[in-house]
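Here is a short report on one protein model. Please look at the sequence and the structure first.

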Amino acid sequence: GPRAGIGRMAVAEHLRGGGVGAAVLGLLEATAQANGWPEVELHAQVQARRFYERLGYTAVGEVYLEADIEHVTMRKQWS
């Protein structure tokens, strides 16, 4: 079905672990919800997979290369 997509998202290394990424993601999710999207999808770098899983995302499909970095597609639903 239809889903909103999140493109590139990054937090400066010295700010990681302080909740900045989770806060930005929360705002993006709230915007998607306010616009009637039932789910959101993003391409997570494999090393960030647990970060997204802690925030309710589920991996979908196999690992693949994007910009020479291993990624996995992840989705979160709220409908």
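## Val63 and its contacts

This is a predicted model. Start with Val63. Leaving aside residues up to four places away in sequence, Val63 touches Val46, Glu70, His71 and Val72. Val63 belongs to strand S3.

Is Val63 buried, exposed or partly exposed? Its relative accessibility is 43%. Buried means under 20% and exposed means over 50%, so a residue in between is partly exposed. Val63 therefore counts as partly exposed.

Val63 and His43 are 20 residues apart along the chain. Their C-alpha atoms are separated by 9.9 Å.

## Strand pairing

Strand S3 covers residues 58-66. It is joined to S4 by six bridges, and the two strands run antiparallel. Within this pairing, Val60 stands opposite Thr73 in S4.

S3 and S4 also make a hairpin, with two residues between them. Ala67 sits in the turn and has a positive phi of about 55°.

S4 has another partner. Strand S2, residues 39-45, is joined to S4, residues 69-77, by seven bridges. These strands run antiparallel too. Which residue in S4 is the bridge partner of Gln45? It is His71. His71 is also one of the residues that Val63 touches.

## The sheet as a whole

Four strands build an open sheet. Their order is S1-S2-S4-S3, and the pairing is mixed. Which strands are at the edge? They are S1 and S3, each of which pairs on one side only. From one strand to the next, the twist averages 25°.

Helix H1 lies across S1, S2 and S4. H1 runs at about 160° to S1.

## A nonpolar surface patch

Now turn to the surface. Leu15, Val20, Val24 and Leu28 form a nonpolar patch there. Together they have about 290 Å² of accessible area.

Where does Leu15 lie? Its place is in the loop between strand S1 (4-6) and helix H1 (20-34). Leu15 has 43% relative accessibility.

Definitions and conventions. Residues numbered from 1 in each chain as written. Predicted model: local features only at pLDDT ≥ 70, side-chain atom pairs only at ≥ 80, totals over all residues. Heavy atoms only, no water. Patch = residues over 30% accessible without salt bridge, like charges linked within 9 Å, V, L, I, M, F, W, Y side chains within 5 Å. Areas by Shrake-Rupley, 256 points an atom, 1.4 Å probe, with all protein chains shown as cover. Salt bridge = Lys/Arg side-chain N within 4 Å of Asp/Glu carboxyl O. Buried < 20%, exposed > 50% of the residue type's maximum accessible area, 1.4 Å probe, protein only. Pairing = 2+ DSSP bridges. Axes fitted to C-alpha atoms, helices over the stretch in contact; angles between N-to-C directions. Contact = heavy atoms within 4.5 Å.
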